[in-house]
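Please take a moment to look over the structure shown here before reading on. The paragraphs that follow begin with one chain, then turn to its parts and its surroundings.

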Amino acid sequence: MKILREANIMVLLLTFFSLALVPLTYERFYIYLMSLFMIYSIFSLSYNLLFGYAELLSFGHALFFASGAYTTALFTLNIFSDPLIGLIVSAFSSIPIALVVGLLTLRHTRIYFSILTLAFGMLAYALLVKWRDVTGGSDGLVGIPKGGVLIDITSPHLYYYFIFAFYCLVTISLYMLTKSKWGLLIRALGDNEDRLPFSGHSPMFVRLFTFTISGFVASISGSLYAILMGVVTPDIAYWTFSAEPLVMTLLGGSGYYLGPILGAFIFVILTTALARFAEYWQLILGIAVIAVILGFRGGIGGVIESFYKGRTRFRRDVYGNPESGRFN
Amino acid sequence: MEILRVEGLTKKFGDFKAVDNVSFSVKEYEILSIIGPNGAGKTTLVNLITKKLNPDSGRIFFYDKDITRLTARMINKLGISRTFQLVSPYRRLTVSENILVSALQFNTPRSELQEIMINLGLEKYKDVKVQNLSFGIQKLLELAMVLVQHPKLLILDEPAAGLLLHERRKIVDFLKGLENKITLIVIEHDMGVVFDLAKRIIVMDKGKIIADGPPEEIANNKTVREIYLGEA
Amino acid sequence: MIDQALLSQIAIGLYKGSFYWLLAAGLTLIFGVTRIVNFAHAAFFVLGGYLMYSFYVLTGSFLLSLITSLAATGLLGALTEITLIRRIYGVPSIYQLLLTFGVTLILNDSQKLVWGKFPKYIDVPGYLKGSIQIGAISYSYYSLLLVMLGFLIFLLLHLSINKTMWGLKVRAVWRDPSVAQTLGINPKKLYTMIFLIGTALAGLGGSLIVVLHPVGPGLGDHLIIYAFIVVVMAGLGNIVGAFVVSLLVGVLSSIFAWLIPEVDILLIYLIAALSLLVRTGGLFGER
């Protein structure tokens, strides 16, 4: 199986294996922590599709996370109480949102796009805060059910494997996307957008495509979050939350498919597990971000790669780093 | 059969007329070269035809169809491909990926992509990222990227510039092999290449066409010689 | 009467707008000259507020604290430019944005470390207390001072850039840094100076706000949005536009908060998004 030789797949399978074992520890805290990790991984992977592959810096990605979370909450609380159906409904309802926001924002040049996404993200936040009747305002919505008509995932083991199933599904599908012709197009867009029309492609179409898929996956992570927490509040739409997948991606290395997952792991450990650090995680993250920009552009992924120089295949290069050796 | 007709094309940047009321037409399978001093408007003309820039006035016809209003992408898909003087590849992608991206919309079979890579000597670089390749190789890649699109009209912007002598010969020989299969417009400074390849030469200066004819006629044209006096 | 209430909302809006102006002025100045979008700008603003608080507690002198804190903020900004920003002038703009974002994170938590989690504020100094009657509205001396100061800063900035030798250098570098270099102007020193002035302006704004509005964690994150909205709507680098738009945003948000508090911020972001969409060059066009 040629695909198994891919280092990415190997590492991914390793994560699958380790994650699958977690509930066997019977430690509620670890189960919760790893659930969060998987959710953030999905969120960051969706973000990196936009940022690392297409070179689109969005400050409004929380919009999709929140739309997934709130739609799931509203659906399961008011229409039909089942987490799986709720997730599916909200995932597909993110598509029209992505199309509308995408069509409006993607026409503009890079910096303006970034700032526009910031504005739209905050627009969503304002909507969630002000529309008390529907969204519960700043108090949010509570009592999001884990037990549903079709499936019941109330116990930690069950909801963990529910999240795990989506984690596996998303990480594999997105990987296959990046390896496909679509992935090639997205990378070409990020690399040299101006050439695209002369290669017979429409930059706007590729941008919109990427944006929509990215939003779709992000909303799945939001739904999972709502189900896990049982509660949603507007702060998941605030722009600082949009910055989190960005930081995770940078830390892990935006040039690598698995970078965001690595970054998500570091982030979750830093901010949740190490209580002493949790207080001042912004400081640590800030230093890490600066370190990445100034020196370690490839993030931690880049550091790891330099240890494996010459032995890896199909690693995307990162800015400023020279060719990493021979190819087999 | 007329493949391209340009009528009254004009492009101004502020007060500066980069392309000034240019009109000409090209027959199918012609090999035409556009020459002229730097700043004459040659590349701008190409940018107008391929819609990298929008003309201020004028019309462009492709097989008698008015393409003035079409986008760059539509024009590319209709059958007009162009290369860039200062190459513009997808730097962080590999050679084969660059070629693949260029060919995706044109349904070119994989075997042909292989063949073109081999013919241009790019096969051994196929998994190398373009940013790590020399300029000469990148120019060959530029050529490959347009050839795989099977264009009806191929516009090359200084395909030989920056190349070593043997690399130039390789390109010229290759282009000669395309005779009667493709219509070619070549912008060039290298007179050796021009006179070797072209059956018709258009000379531009200050945004206008000042001469248009077969190579011998152009070589003896008084105005042209004046303009080129002192140039290599 | 509605008229009076409206007028007083406009008056409030004017001084709120003056704060937005002090925040946006430095941001747009820095961008215009160095082409760097300084994400950390609001964090410097807030830093000014914290420093003002501490100096005031220490010295009891409003004026002295004001001058010291704006100078300190400016110096820190210059230091940031020298140690960090300088290294990234050539890199793609998203990485510059990200670096300044990193600085924001560091500043945010450093402020929490030094001053704690609870907001700080100071009282209006005795000699500035009180208000005057302008027509039917009563305006506090302090707010009046703010508006006048904002206008003064605008004049100073605008005139010095357009009418002085120094301003000429700034404009030359603004237009084309490499050409300016051949003319003997040292862009490096100028960039540092611009960062110094820009962040000092932000620091000034922060120092002044701490009297009316407590300064605490999260304020910077809230303000940066307004800063971006103002600067982009006015056109990145456009100083006159930034002044006008800041006041406009201040006045509009006041009126909305008064008339329709249920949707005030929603309307602001909606209008911002719409204006951004309508003119990619902002309302006044880029300089």
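This is a predicted model: local features need pLDDT of at least 70, side-chain atom pairs count only at pLDDT 80 or more; totals for chains, interfaces and linings use all residues.

Taken along the principal axes, the C-alpha atoms of chain B fill a box of roughly 50 × 40 × 35 Å. Of the 232 residues in chain B, 44% are buried, and among the contacts in this chain with a separation of 6 or more, 67% are accounted for by residues 24 or more positions apart.

Chain B is divided into domain 1, made of 1-79 + 152-162 + 183-232, and domain 2, which covers 86-150. The centres of these two domains of chain B, taken over C-alpha atoms, are separated by 25 Å. Where the domains meet, four residues of domain 1 of chain B are in contact with five residues of domain 2 of chain B, and the side that domain 1 contributes has two nonpolar, one polar and one charged residues.

Two residues in loops of chain B deserve a look at their backbone. B:Tyr29, in the loop between strand 2 (16-27) and strand 3 (31-35) of chain B, has a positive phi of about 70° although it is not a glycine. B:Tyr29 counts as partly exposed, because it has 16 C-beta neighbours inside 10 Å. B:Lys51, which lies in the loop between helix 1 (42-49) and strand 4 (57-62) of chain B, is likewise a residue other than glycine with a positive phi, here near 65°. With 22 other C-beta atoms within 10 Å, however, B:Lys51 is buried.

Chain B also touches chain A, in a contact that takes 18 residues from chain A and 22 residues from chain B. On the chain A side, these are six nonpolar, five polar and seven charged residues.

In soluble globular proteins, nonpolar side chains tend to be buried together. Here the largest nonpolar core holds 270 residues, of which A:Ala119, A:Val289, B:Ala144, C:Leu23, C:Ala227 and C:Val230 touch the most other members. Helix 1 (residues 2-34) of chain C gives the most to this core, with 16 residues. Domain 1 and domain 2 of chain B both give residues to this core as well, so the core lies between them. Leaving aside residues up to four places away in sequence, A:Val289 touches A:Val247 and A:Leu250, together with C:Leu98, C:Phe101, C:Gly102 and C:Leu105.

Notes
Residues are numbered from 1 along each chain as its sequence is written. Chains are lettered from A and ligands numbered from 1 in the order in which they are written. A nonpolar core is a set of buried Ala, Val, Leu, Ile, Met, Phe, Trp, Tyr and Cys residues joined through C-beta atoms within 7 Å. A residue is buried if 20 or more other C-beta atoms lie within 10 Å of its own, exposed if 12 or fewer, and partly exposed in between; C-beta atoms are placed from the backbone. Helices (H or I, at least four residues) and strands (E, at least two) are DSSP runs, numbered from the N terminus. Domain bounds come from an automatic or database domain assignment. Two residues are in contact if their C-beta atoms, placed from the backbone, lie within 7 Å. Ala, Val, Leu, Ile, Met, Phe, Trp, Tyr, Cys and Pro count as nonpolar, Asp, Glu, Lys and Arg as charged, and the others, Gly among them, as polar.
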